[in-house]
Amino acid sequence: MSAGQLPRWADLGLIPLLNLTAAFLVSGLVVLIIGENPIEVVQILLWGSLGFGEGIGFTLFYATNFIFTGLAVAVAFHAGLFNIGGEGQAYVGGLGVAAACLLLDRIVPWWVTLPFVILGSAAAGAAWAFIPAWLQAKRGSHVVITTIMFNFIAASMMVYLLVNVIGKEGSMQPETRTFEDGGRLPMLNDIFPFFDFGTAPVNLSLLLALLSAFGVWLLIWRTRLGYAIRTLGANATAAVYAGISPARIIIITMMISGGLAGMMAINEIMGSQHRLLIEFVSGYGFVGIAVALMGRGHPVGIVLAAILFGMLYQGGAELAFEIPAVTRDMILVIQGLVILFAGALEYMFRPTLVRIFTFARTPASSVPAAAK
Amino acid sequence: MTPAIELRKINKSFGAVHANKNIDLVVGKGSIHGIIGENGAGKSTLMSILYGFYNADSGDILVDGKVVSITDSKTAISLGIGMVHQHFMLVDTFSVLENIILGAEDGTFLSGGSDKARKELARLDADYGLKVDPDALIENLPVGLQQRVEILKALYRGAEVLILDEPTGVLTPAEADHLFRILEVLKSQGKTVLLITHKLREIMAITDTVSVMRRGEIVATRKTSETSMEELAELMVGRRVLLTVDKGNAAPGAPVLKVENLTVTDARGVTVVKNVSFEVRAGEIVGIAGVSGNGQSELLETLAGIRRPKSGTVTIGSEVLDLAHHPVDAAGMRAKSVGHVPEDRHRMGLVTSFAEYENAILGYQDDPAYAKGPFLNLAAIKETAKGEIAKYDIRPPNPMLKTANFSGGNQQKIVLAREIERDPSVLLIGQPTRGVDIGAIEFIHKRIVELRDAGKAILLVSVELDEIRSLSDRVLVMFDGRIVGERLPSAGEGEIGLLMAGVDDASAAASRQGDAA
Amino acid sequence: MFDIFFSYPTFDSMARLATPLLFACLAGLYSERSGVVDIGLEGKMLGAAFGAASVAFLTANAWLGLLAGIVVAVSLSLLHGFASITNRGNQIVSGVAINFLAAGLTALLGQAWFGQGGRTPSLPAGGRFLEITLPFAEEMASVPFIGRFYAEFLSGHSILVYGAFLAVPLTWWVLFRTRFGLRLRAVGESPAAVDTAGISVTFLRYRAVIICGILCGFAGAYLAIAQSSGFIKDMTAGKGFIALAALIFAKWKPVNAMLACLLFGYLDAVAIRMQGQSIPGIGEVPVQVFQALPYVLTVILLAGFIGKAIPPKASGIPYLKERT
């Protein structure tokens, strides 16, 4: 048992750090290839994302999206499921937000609308996750493939709805009418006037996202349902032994996951755009995969990873402005590298590390006490 | 005559497990050489080394008197060694012909190889009576024929030495007899056969020479004609000090668990438990003895609510359950006060990535004692875990430690503590001391007896005959999915051992007739 | 109205639209038949499209462009292989990573090298695969049915279109008539059987992902230097995923793959022509219905309501010799 084991700090700290470092080193290499200075790029990134109030505001605004989609992916991971459908679930979640806002914005203040928006977005996202979940649980159709398909189906459906059903009358734009005050979340600027976020649309959903992160932590590590989810994910045979129904947990987990993804729409639609429009998710659902992998499925890690990606998105925008050769697509590259190194190549450095640790330990030749 | 195979001082370890220790083995050309031993004695590892699937840590392999280095299966094949694995290495969606030529295609294109293989199959059929339709899909063939394809695969590659790893484990007795006739023919044609098995009857029926393995070592080699089942059984098990369990006489009460005509099929549709009936009374331990793979595992899992039977009833207390039509899941069975210590703690009984205290409630996660509404009552759970750690002397006494970091014995205690401390009226126990050190064995045995004396009904499944005999108040022997006899634990080891090997004349005959029908 | 559904222009564009799908679908077929799940088809196609367009622009040679596309796609394939075969990583995660990498790198490098917002400049003469008129097409056009079919449907495509459809019988032949194909199919079903037969599982799977890369190279090159005249940011627009859907729809069989790609190509062709048209008796069918149909059909198939799509048994599972 003891051979091939690493100390806990190496497993939880060193390996992720190495993976992340590798991802950023390769990113730096890409910057070099296009003939720019990686150090300058890092400086602009940092300044653009954290150097001034508005930059921080945008960073937090993006991070809000990523917390939701990252949590969505992570919850499914805990049950051993890979939900690639965050993109579609968030998109459809927008319907829930828009429905509540369009119905209520002219009658009631925002804080009355908000509960309905939360409910609507979560329900819509969960509903969109339900069919892949049901198919996985009852018919064994692989949830990875079905959720990919549902992303595309969502894209077509939303365009149709926005063009033909709920679009603003008399307009060619595929979007709904703009919400009145009852359908707009307060900006953080209004809540904390002492902090100047400039024009950044960071809004109350950030707090909602942090609450959700706490909620997910409670769910996974403190509730009976979370216990069942983790058991299923870690050892499906043991789950059956424990009387946990895999089908039931698969469906519930996927719906929670879809609900969280759906809530991302609150930030974009009720918090920033104040109308439902096409392609507002623009890949944030996929970022959730990178965020969840980097955060190792833990809400604290996810919040940190979401902020890092928020920095990349905001800093990347500044970067594209300062160094036109480094476009925002650089973020996609970094994202891909993070997923590659923190996910698919997760264990690449492990054998080497094990060898180093074993070597370092051998002279003492002490048997690890815990393992025996 | 040079032996076909000679092994000298072969060693192989997996981590801390020394699977093969200094193995010396000589296999005569044109003979059927049996290797017998209990599960985990190291037989399969040894044969995998010979076949190049694993590489030995040290030692020499000689084929036809020459030292060879078998680094992979390709080399083994080219040296004329063929292997029929316990779990067939066949591609289910392929035809027989495709499976035969896989890896021996004879050229870049298939047509030439296929034609040659067809002719060769016809010849092998003529020579050895190995008939099989070359165009049939593997997944549509019965197990016996699939195995025949494996043999054909080896012969097609020119195997002179054929290794068969537990070949009868998946066969009906009739199919097994047929296999033995094939092996005789192979031998008569000058092929060498290495037969790995844990069934004494097969060794006696077919081999010329037999080597006995125990805990990674070859402890004896005998001419089959000069030995007896009793001797081999003793060699296999070793003269272990019979662990004495300090227990008084049982005072059995009313039946608590009653099983009637229970029949269970596995995922492949093979009937694994056949019309089994028995009862366990309050305050007694009923042991089920048997070589592993004779339906005990499935019986236990069915009673625990993990498998759904095909027919039969189970009565717990006064409640009659028709599980075939109204299945009850594992949580439901626990609610009916049935505890279950599964045979394989890693696969089923524990989530090894969880902290110890989390495993202390596996299966009882919805018990109101550990719940606060939808939340887990962590304080109560840790309290329980701590109590069990103290009571069962689980070490290290740290409920927060990851379960994978406990030793086998302590992991087993975690499972036992969890199931026993819920005070079930029926406790199903599988392999309670597998991979557990001596000290823990004694402790575990004592707890089980205490539970009996508290008036619980206990059903014990173990492949360790010693354990069955020292713990049980009555012993049922399972063979080929049936209960073939009941004995008192005081009956001789040899007597029960023969029953386990299916050598009770009456029942063996009955079982054969049953399969033929 | 009838023309939208049944006319030579519709069938023509069906064949054109099916071509990149077919290349990518066959690419996925090799990979998944060997047990390596590939949701990175999209990224590889995109990378290949960019590589092909860049080199074709620089050299004014379509063939060198094709070669560059293949090199890019094979490199990404090898990355997938390194992650999922050598390092036994999660194949889905690796595929997702490759899609992001390709999307980011193509746009980034495109901007850095050509400065046209991620596009490549329009291709010079010779940098593009042009449509080929088959011999006697003009003379045949007047012959009813067969002649018109020859002239209007068979003739007038780029060489890559013919290549894609020839790749179908070729793939079938490789898969079912060669030693390599037999082993490839075996390793996707039962790597242990292949291993015990003395064949290297790793090498076999690497060869499969390399072939997958080559075919993705063709798919990408077709998009950038045959169908269009240059690379446009995100020009695959989900085609890699449609190809994946087609692969499932085809139940991992080459001829079915062609039929599935033709069906999905046909839906696309009809969708383009349906804009603003209405079908008598039904009314206007939204174009999105046609766009979503491939995915909907695949989900229905996956659910097992029309037949059952059973993937190769070992797909997605890294091979590890088991301790018995």
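Predicted model: local features only at pLDDT ≥ 70, side-chain atom pairs only at ≥ 80, totals over all residues.
**Entry 1. Chain A against chain C**

I looked up the contact lists next. Chain A brings 41 residues to the contact, and chain C brings 41 residues. Then I checked for charge pairs. How many salt bridges are there between chain A and chain C? I found one. Asp329(A) pairs with Lys233(C) in a salt bridge, and their closest N and O atoms are 3.3 Å apart. I also looked for polar contacts between chain A and chain C, and noted three residue pairs, both residues at pLDDT 80 or more.

Which helices of chain A each supply at least two residues of the side that touches chain C? I listed H1 (8-33), H5 (110-139), H6 (143-165), H12 (284-294) and H14 (329-344) of chain A. H6(A) gives the most to this side, with twelve residues. I then sorted the side of chain A that touches chain C by class. I got 31 nonpolar, eight polar and two charged residues.

**Entry 2. Chain B against chain C**

I turned to the contact between chain B and chain C. It takes 27 residues from chain B and 25 residues from chain C. The buried area here is about 2200 Å², with 62% from carbon and sulfur atoms.

For charge pairs, I noted three salt bridges across the interface of chain B and chain C. In one of them, the side chains of Arg183(C) and Glu105(B) meet at 2.7 Å, N to O. For polar contacts, I recorded six residue pairs between chain B and chain C, both residues at pLDDT 80 or more.

I went through the helices of chain B as well. H2 (73-78) and H3 (96-101) of chain B each supply at least two residues of the side that touches chain C. The largest share of that side comes from H2(B), with three residues. By class, I found 14 nonpolar, eight polar and five charged residues on the side of chain B that touches chain C.

**Entry 3. The sheet of chain B**

Chain B has an open sheet of six strands, ordered S6-S7-S8-S3-S9-S10, with mixed pairing. Which strands stand at the edges? They are S6 (81-84) and S10 (217-223) of chain B. Each has a single partner strand, so one side of each is left without a neighbour in the sheet.

S9 (residues 209-214) and S10 of chain B run antiparallel and are joined by six bridges. Thr209(B) has Lys223(B) in S10(B) as its bridge partner.

Then I checked what packs on the sheet. H1 (residues 43-50) of chain B does, touching S3 (32-37), S6, S7 (161-165), S8 (192-197) and S9 of chain B. The direction of H1(B) makes about 150° with that of S8(B). I noted another helix, H5 (residues 143-156) of chain B, lying across S6 and S7 of chain B. H5(B) runs at about 170° to S6(B).

Technical notes:
Residues numbered from 1 in each chain as written. Chains lettered and ligands numbered in written order. Heavy atoms only, no water. Contact = heavy atoms within 4.5 Å. Salt bridge = Lys/Arg side-chain N within 4 Å of Asp/Glu carboxyl O. Polar contact = N/O pair within 3.5 Å; in protein donor to acceptor, adjacent residues only side chain to side chain. Helix = DSSP H or I, 4+ residues; strand = E, 2+ residues; numbered from the N terminus. Nonpolar A, V, L, I, M, F, W, Y, C, P; charged D, E, K, R; others polar. Pairing = 2+ DSSP bridges. Axes fitted to C-alpha atoms, helices over the stretch in contact; angles between N-to-C directions. Buried area = accessible area lost by both parts, 1.4 Å probe.
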